[in-house]
Amino acid sequence: MTARVRRICLLAGAGLLVSGAAGPVGEGAPSPPHDSDARFVVELEWPRENIARTLGVARSELGMYGRGNPFQTRDIGDRTCVVGPLFALDIDDAFAFDIDEPVDLVVTYAPELTGPFSVGFNDNGGDGIGESATVEPESGDGSTLATARVTLERARFAAHGIRDTDLAIGGPEGIALCDIEVVRSHATPVPAGYGTLRLTVEDAASGRSVPARFGLYDETGRAPLPSERSVLVRRFVDEVRLLWVNPRTWWPSEHRLAFYVDGEYEARLPVGSYELVATRGPEYRGYQRTLEVRADETTDLTVSLERYADLPAEGWYSGDSHVHIAREHTEDDAVWAQIAAEDIHVANLLEMGNIAVTHFKQPAWGEAGQYVREGHALVSGQEDPRTVHRGHTIHHNLQRPIRQDPGSYFLYHRVFEASHAQGGISGYAHMGQLFNGERGLALDVPFDLVDFIEVLQGGRLYDDIWYSFLNLGFNVRPIAGADYPYFGPTLPGVERTYVKLDGPFAPGEWYNAYRSGHTYVSNGPFLDFRVNGREMGSELRVARGDSLEVVAAASLNPDIDGLNRLELVVHGEVVASVTRSAGDADRLRLATRIEADESLWVAVRAFGDRDGARDMTVAHSAPVFVVVDDEPWWKLEAVPELVARHRAKLQELLDEPIRPAGDLEYWETTRLLEEEWEQQRLRLESRVQEADALYQSLLDRARAAAPAR
């Protein structure tokens, strides 16, 4: 048998549209007009009964991921097969939509071109995302086809996947998918009748109408599709009303599909008993109750959300450093409602660029790009430049975007300098760790270009790289951001930054206060911290040997987690701590004295009971910098080791070959990264030499200071 192979690749003339590329390279379904898609999506011509569309994808939004291209079609025997790592399928709505029943899939595949595979789907109950058991392919030669029968329990098919798809099928080694039959059981329950639910949402203290995140589940755990009175949310270019609440995100129910309500909601529902839950960020108590919907009746309910804490009353306002939502217009009420429902005061909506293109476009910049309503602000920013070779950067409070051309894209310092020239605040994303961000930090921090590192993200505090620069005497601040809709996916505000203002709230004042260091990062705990009465971010000058009074407090909404411990950190080492005792479930206080024998930095961090390697409840303050006799606050004995660490990263930046396959939008960037890196590496050599000289100067000063101790 001769198999005719057709490669589906990222080249002009391939006969399809590559979503998110610089432009169409053939026919296909274009992205919605408000933005390009930052996900790999190809529309495949593979018609099958009851399958409306077949996509080749790198992520499914149904819990499955795949990398690698090109996709291919192969004629094997009398079948046309699609070959690739991951496919997303849209079930014809006329055949099945929003059902609740077992469904069998009869999958025909070519064993020689198929590794272990599974099926991801949106289901009813639980977290709303299901995955079948893994299918181990049969053995076979190039002409052999095999079939597998996969049962999807409580399948839904309600267009929850990427681009309104219902199924994802694939595996790490790929699959040659030759046919698929969808077999319904037709066991979806028929409602006994319908009634109406009408909700009003208010802040309990003020009585003011407020947005919130809601969940509504029947006795089987099924979440009815929200009505058009819910907020229409953008997830990449998808427009959805029902979102997944990932397991690390606080949520009062075991069922984890949620929707947003902007103050009022009304829906027609099947009769029965429902669990209703609502949240509005960590400062509010969770709301949970059972309600009945009766046939041909309207159930009216006021959901009154009570505060656990009122941080704005104390001058603290939260922000998310890292949100990707495109806006067509500055005053976007749907985006605002999602942000306000999470009680985020400053949402930094980041245009996301790579060496080829820009996604998540913003309509305006500076004050013209700010939408401030009821104390919640949407603000334009950028995550750009971004490469797999030297990390992703973030720039806030910009008056206009800063876009490097491909021929200068790796020269990040130009963007940092331009950002600072227009009053921007700039730093590195993803803990300074992902996408080789430590290389970029090693190059840019010595020039005092880096204002922050995004140290809290994905449910984890990563402080090692941050501490390494604090211990060299650099004032690099912490920041936190969820990176919606990535990281899980996540939701806005799951990780956030609190900033202390001295006066009324405004985005500009928030950035000014952040620039002064009056900040901490958190995914739950609230912090207060002072050294000799000076707040976090302050510089305190004292005489050698002075005794310093340290007072810190932490609190944590008990609906989120139990507060476990509060730690005092000096030069990255824990020097004092308090742990929970009887009666202290949600509040801890630490009071102690330390001696200022040298300059140092002092900070506090709090942990909840959830404290795993990849998932923790945590908060960390910016330091108070204690200066003795004008000495740096470095950790003197660690300077040689830390200088060696960052010098090694500088050398790695120059010596390591670029690996474009690790870039997040590899299908857009591979060619340009490969073409541009070698020339720009040569241009970076002089910059690396300057940074190396700054490290040498730092090391010389540390060696000169050591004998005096």
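Student: How many cavities of 30 Å³ or more does the structure hold, and what makes a space a cavity?

Tutor: The structure holds four of them. On a 1 Å grid over the protein atoms alone, a cavity is a set of points where a 1.4 Å probe fits but cannot get out. This is a predicted model, where local features need pLDDT of at least 70 and side-chain atom pairs count only at pLDDT 80 or more, while totals for chains, interfaces and linings use all residues. Residues are numbered from 1 along each chain as its sequence is written, and side-chain values use heavy atoms, without hydrogens and water.

Student: What is the volume of the largest cavity, and which residues lie closest to its centre?

Tutor: Its volume, the space filled by probe spheres set on grid points joined across faces, edges and corners, is about 240 Å³. Trp250, Pro282, Gly493, Val494 and Asn523 are the closest to its centre among 23 lining residues, and a lining residue has an atom within 4 Å of a point.

Student: What makes a space a pocket instead?

Tutor: A pocket is an open set with protein on both sides within 12 Å along at least five of seven lines. The largest pocket has a volume of about 750 Å³. Of its 30 lining residues, Leu434, Tyr486, Phe487, Gly488 and Leu664 are closest to the centre.
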